[in-house]
Amino acid sequence: MAATTWAPPALPARSAAAPKRRRWSLGTPFSYMTAFVVMGITLVPILYVVISGFRTSAQINTAPVAWPHPWVFTNYTSVLKSSAFWHYVGNSLFVALTATALTVATGSLAAFALARYSFKGREALFAVFMVGLLFPAGVASLPLYLWLKNLGLLENLMGVALPEAAFSLPYTIFILRPFLRAVPGELEDAAVVDGASRLRFFRSILVPLSRPALTTVAILSFITSWNAYLLPLLVLSNPIHYTLPLGTASFQTTYSQDTAAILAFAALSMVPALAFFVLAERRIVGSLTGALRG
Amino acid sequence: MATDRATLDQGLASGLPGPTLASPGRTGTVRPAARPGRARRRLELAALIGPALVLFACFVLVPIVIAVRYSLYNWSGYGPLSDFIGLHNYRAALDDPVFRGAILHNFIYAALSVVFQLPISLGTALLLNRKLRGQRVFRLVTFAPYVVSEATTAVIWLLMLQPGGFVDQVMKDMGLGGLVQTWLADIHIVLYTLFVVITWKYIGFGIILFLAGLQGVPVELKEAASLDGATPAQSVRHITLPLLGPTIRIWVFLAVIGSLQLFDLVWIMTLGGPANASDTMITYLIYNGFQSNEFGYGSAAAVILFIICFAFALLYQRFALRRDTAGALTRIVN
């Protein structure tokens, strides 16, 4: 897991010897079949939700598997017109952006110190941060709730963003440290000779050089925070403060009779995450896999 | 510039100290002046590590410590901590068949993941590890469920699994109507229904992870093996899988830790029911701690969960991940 030499987590380039004779082995059609089956299983639930959102609850109840006939748009338009939906999106965006900014800012500074300064207790300090890798926020949620209550951070979006940032710190430091360490010492010496302070060296040389790793941790932290359910569930009980996952779950219980409306809401709740994903697919997939392959 | 140089040269020539050129870096090498340099370094370190450490201590370490403290009291979350009861909460939790059941369910999820998801995702990745058209589309589609939130996933599947809903209808249309069950209401089936949903959500991540790992297996090795007369199966068994070892071990680690802290999907789809048949440790502690205002008791359950995760992680680090570049955690133990 701990890579001493860190390869930038870009998707592995196709092998250098790419232009090779294209071999049509027996396995190839079988591979395509497998690919189609896997994609089918993945896509069916998503398509079901999106398409059924265009039907009425009555239609869905009489025939669960059918095309919309006629196509009904009111489910979607009423969600899009409701202020609640946009409120949830706004809250989620605020929490995820705040948590991501905090993690990346504090985590990269700490990783810099842990990578390029030698001081007593450095490895111990690193180990303390790494303990956090074992404990996803879920494990600590109940005590965290009590603690946030003491701090007066209940019913406060910062009460969600701060712990989420804290719980993202371990992997942020874990991913960034080897990256910052791999930058050759000669570069630092050269910068110092040119009169740059170490902080200046960090800002002007290390940060631009480690942009891929920074993007990785930012994306990881954003997705984690955007999708979080348990901590917001405990901290935020006023619907005004709901994040999108909380709002989606509560919409389902509130309108449990109106299947079509729930489906439309669920479909729309997927849109921001999926759009972000399609835009940054290479980075996201590369990040997650790159971060894990040591 | 030229005049600066000139005055500097003059200064040096005349043996006088240069006007204002004594840079702090230069004087830093002189013994007595080293002190401010060291103080500055300390300050720098504090400024760099301080914010992260405060954030981490405040929201990760402190809650863990207070959980241990609360777990020793009978406490409803209000008023002072006065009713010290020692380890009673722990004994009560471990004696509760529901909590024991919840722990068992977590272990069942972990075992099912390793037994089913690992071969499926690994096998799929091996099959797809060749030049195919539409790789990007495949990655995009397969990975999508991983990005969709657990809450939305839960709501979608909850609706699809309703009696007479999408899943039942599709099974009837395929002539499998006889196999239709009350997926989420049958205490003997609900665990496995949830496992299918979990698999749907996380299998793509495994496939993509293994595909990325397979890119790191040198083609030359496989070619050499086939020249030496190895069958494709042999080459997978003796070359690909060993080289994929680190990726597999990481996947197993993530899958088990993920199974131990399962909550969102279960909570939204079944609330741990029916009759606690799908409870997990976290649904148990949220229900019996948070919702019942038994914060001392809930904290004890949290600490137990915590110890289980910690023990697993340390043992796994020590015995399974040891061969990979030794992780930071191994160093804690040693």
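A salt bridge is a side-chain nitrogen of Lys or Arg within 4 Å of a carboxyl oxygen of Asp or Glu. In this predicted model, the rule gives a count of five salt bridges over all chains, while the count between chain B and chain A is zero.

**Salt bridges in chain A**

- Arg116(A) forms a salt bridge with Glu188(A), and the closest N and O atoms of the two are 3.0 Å apart.
- This pair links distant parts of the chain, since Arg116(A) lies in helix H4 (residues 83-116) and Glu188(A) in helix H8 (residues 185-193), 72 residues apart.
- Glu188(A) also meets the side chain of Arg198(A) in a salt bridge, at 3.1 Å from N to O; Arg198(A) belongs to helix H9 (residues 198-209) of chain A, so this pair ties together parts that are ten residues apart in sequence.

**Interface between chain A and chain B**

- In this interface, 101 residues of chain B are in contact with 103 residues of chain A.
- The area buried between the two chains is about 9,000 Å², and carbon and sulfur atoms give 78% of that area.
- Thr248(A), which lies in helix H12 (residues 244-254) of chain A, touches Thr152(B) and Val155(B) as well as Phe265(A) and Ser269(A), when residues up to four places away in sequence are not counted.
- Thr248(A) counts as buried because its relative accessibility is 2%, and buried means under 20%.

**Cavities**

- A search of the whole structure finds six cavities of 30 Å³ or more, and the largest cavity holds about 1,600 Å³ of space.
- The largest cavity is lined by 50 residues, and those nearest its centre are Pro136(A), Thr224(A), Tyr146(B), Leu254(B) and Gln261(B).
- Helices of both chains each supply at least two residues of this lining, including helix H7 (157-182) of chain A and helix H11 (232-260) of chain B.
- The lining residues of the largest cavity divide into 34 nonpolar, twelve polar and four charged.

Note on methods. Residues are numbered from 1 along each chain as its sequence is written. Chains are lettered from A and ligands numbered from 1 in the order in which they are written. This is a predicted model: local features need pLDDT of at least 70, side-chain atom pairs count only at pLDDT 80 or more; totals for chains, interfaces and linings use all residues. Side-chain values use heavy atoms; hydrogens and water are left out. On a 1 Å grid over the protein atoms alone, a cavity is a set of points where a 1.4 Å probe fits but cannot get out, and a pocket is an open set with protein on both sides within 12 Å along at least five of seven lines; lining residues have an atom within 4 Å of a point. Grid points are joined across faces, edges and corners, and a volume is the space filled by probe spheres set on the points. Helices (H or I, at least four residues) and strands (E, at least two) are DSSP runs, numbered from the N terminus. Ala, Val, Leu, Ile, Met, Phe, Trp, Tyr, Cys and Pro count as nonpolar, Asp, Glu, Lys and Arg as charged, and the others, Gly among them, as polar. Buried means under 20% relative accessible area, exposed over 50%, partly exposed in between (1.4 Å probe, protein chains only). Contact means heavy atoms within 4.5 Å. Buried area is the accessible area (1.4 Å probe) that two parts lose on being put together, summed over both.
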